[in-house]
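Please examine the sequence and the model shown here. The paragraphs that follow move from contacts at aromatic rings to a helix.

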Amino acid sequence: MFVCLPQINFLNSVIVDLQRKNEELKVKLKKLALAEFNGNTDGFDEGVSKREKKATPRLFCDICDCFDLHDTEDCPTQAQSPDSVPHTTYHGNPADERPYCDICEAFGHATESCNDDQTF
């Protein structure tokens, strides 16, 4: 196979260009490695496109089913509503055994003394 002189010159120019780009990338890699080692990565994001950068997640509330107002953990409707059953007000001795009814599923009387006639 015979290659003419213009083709050789073109291929040589391509090789020289690739070598120059390779050297530039090596220098940039060294700078990035040094900056990462020192904990300074500011100013090195220009090579990363906006699509590759991860956006911060939006706030979403599963209870209200809305975006950007608040998170589920911070939802104002998550607080106990006034018409719901209040929390326990029992302030007795924790060592004492409280009577519990398995039929009513409530404290206050034992299962043996339950007068509920309903069966499930």
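A charge is said to sit over a ring if NZ of Lys or CZ of Arg is within 6 Å of the ring centre and within 35 degrees of the ring normal. The structure is a predicted model, in which local features need pLDDT of at least 70 and side-chain atom pairs count only at pLDDT 80 or more, while totals for chains, interfaces and linings use all residues. Residues are numbered from 1 along each chain as its sequence is written, and side-chain values use heavy atoms, with hydrogens and water left out.

The charged end of Arg58 sits over the ring of Phe67, at 4.4 Å from its centre. Arg98 lies over the face of Phe107, 4.1 Å from the ring centre.

Rings of Phe, Tyr and Trp (its six-membered ring) pair if their centres lie within 6.5 Å; planes under 30 degrees apart count as stacked, over 60 as edge-to-face and the rest as tilted. The whole structure holds 2 aromatic pairs. In one of them, the ring centres of Phe60 and Phe67 are 4.7 Å apart and the planes stand at 50°, so this pair is tilted.

Helices (H or I, at least four residues) and strands (E, at least two) are DSSP runs, numbered from the N terminus. Helix α1 covers residues 5–38, which is 34 residues. Its expected span, 1.5 Å times one less than its number of residues, is 50 Å, and this agrees with the 50 Å between its end C-alpha atoms. After α1 comes Gly39, with a positive phi near 85°.
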